Amino acid sequence: MDNNIGNDLISELPSAITDIILSKLPIVDAIRTCLLSTSWRYKWTSITHLVFDDPSLIHRVPEKKVRFIHTILSLHRGSIQKFYLSSSHLMVYHNIGHWLDIASRKDVQELVIKLGVGKWFYMPPPIFSCNNLIRLELAGCAFLLPANFNGFLRLKYLELEDVEYGEGDIEKLLSSCPLLESLKLSIFLDDSDKPDSDKLDLTVHAQNLLCLSVEGDFKTICLSYTPSLVDVSVDIFFVDYDETYAYRSKCNFHAFFGSIPKLERLIGSGQFIKYLSIGNDGHNCPRNHISDEVVNQNLKFMELVGIEFDEIEQVLVVSRMIRNSPNLKSLKITSSTDFYDTTPARQPPLEIWNDNISILPQLKRVEFFNVNGLPYEVNFIKFVIMRSPNLEVLRISLNVNKFTTETRLHFCVDLLSFRRVYSKADIVFLVDKPE
């Protein structure tokens with residue numbers, strides 16, 4: 001112990017350790033390490049992770065925010081592994097292009113630009129020449145792919161949220177990222193009154209893609225070649241198609257599920273089910289041909305939100321998804337409250353409910369939320385009970401606004417009586433509190 005008295009241990013730390021320490025600190029605290037000792041005075045100028053977020057900028061007036069970032073980049077030495085700029089308080093955009101030019105020359109591997117609501121910031125062309133990018137996240141930005149864009153050959157994570165882009169740029173970008181593993185798109189039209197022709201026809205051709213999350217205004221979603229995809233989340237804000245277009249359309253169901261053989265987890269919300277129902281009429285969909293039918297052998301978890309059980313087309317799609325997922329383990333269904341008649345004009349074919357082929361031997365847990373008591377809902381719940389011999393837990397949450405005390409009691413007794421015949425599962429009834 002006596003031999004260590006007076007030794008400046010912090011100055012003797014290996015550079016690999018000091019680099020890790022600096023990368024874990026907020027940018028302001030990393031700069032303050034210059035006060036620790038003489039050897040630490042300029043260590044912060046070579047940190048590889050530059051994170052400029054609200055905590056580091058919020059207490060500075062606009063001019064000082066710009067000066068703060070500019071000074072750090074001007075004094076920085078070496079490469080930048082991560083450049084992160086996310087602030088709703090940064091209202092001066094004309095300097096960002098210069099900062100990104102600096103980052104692009106420093107071999108940046110992770111680039112995250114998330115700006116607040118305001119005018120679009122156009123990404124400078126040099127960014128699209130960053131050959132070592134592994135992660136790219138853009139929000140509140142606009143971009144036009146240069147004519148000489150050769151792709152991001154190392155990119156694995158791509159997130160685009162609230163972005164503007166040139167015609168065909170999204171698909172060109174996706175097709176130019178051969179190692180892409182995770183894709184998140186959140187794209188909405190500025191004007192909700194714009195025609196469907198302005199919406200994005202999304203085609204995903206990505207051999208190594210594992211996770212896909214899309215939400216917003218899409219005209220079509222086609223997973224043309226995604227053999228490795230295991231996790232999908234889709235939330236579609238969708239404008240109704242007229243009957244003529246729906247009849248002409250190709251089968252959305254087959255275009256979506258036809259190339260994801262390894263799918264394990266699926267979450268669909270918004271008007272996803274309504275979207276899948278287009279073309280699901282036998283004319284365009286090969287569901288009547290067993291050899292062409294889409295079977296999701298690896299699907300273990302499915303959550304579907306916003307199903308309109310008064311629409312026969314949606315009931316047919318959901319029942320088809322269930323039947324085609326023989327190894328499903330967990331199922332969550334949330335009904336929509338947007339319906340007008342509890343007695344639909346058309347009833348689904350009887351073979352849907354009487355299908356003795358579709359068995360779900362792995363299904364252990366099922367949850368229904370916002371149940372409104374519609375005939376299709378009751379039949380669908382019974383369908384799931386009948387097809388799940390090893391079901392352990394069935395949770396049913398009732399929409400109290402759609403039930404009287406008497407009808408609620410009748411509903412529960414009916415399902416309990418049905419359960420005794422077909423299943424040993426525990427049924428838990430819950431009542432949603434009125435708003």
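Tutor: The whole structure holds 0 disulfides, counting cysteine sulfur atoms within 2.5 Å of each other as a disulfide. A disulfide is a covalent bond between the sulfur atoms of two cysteines. This is a predicted model, where local features need pLDDT of at least 70 and side-chain atom pairs count only at pLDDT 80 or more, while totals for chains, interfaces and linings use all residues. Residues are numbered from 1 along each chain as its sequence is written, and side-chain values use heavy atoms, without hydrogens and water.

Cys211 is partly exposed, at 32% relative accessibility. Cys412 is buried, at 14%. Buried means under 20% relative accessible area, exposed means over 50%, and partly exposed lies in between (1.4 Å probe, protein chains only).

Helices are DSSP runs of H or I with at least four residues, strands are E runs with at least two, and both are numbered from the N terminus. H13 runs over residues 405-422 and has 18 residues. From first C-alpha to last, H13 reaches 26 Å, close to the 26 Å expected at 1.5 Å a residue (1.5 Å times one less than the number of residues).

Now the rings. The whole structure has 14 aromatic pairs. Rings of Phe, Tyr and Trp (its six-membered ring) pair with centres within 6.5 Å; planes under 30 degrees apart are stacked, over 60 edge-to-face, the rest tilted. Phe253 and Phe257 form a tilted pair, 4.9 Å centre to centre, with 45 degrees between the planes. They sit 4 residues apart in helix H8 (residues 252-257), about one helical turn. Phe253 is buried at 1%, and Phe257 is buried at 3%. Phe403 and Phe411 make an edge-to-face pair, because their planes stand at 65 degrees, with centres 5.5 Å apart. Both Phe403 and Phe411 are buried. Elsewhere, Phe128, Phe143, Phe149 and Phe152 form one aromatic cluster.
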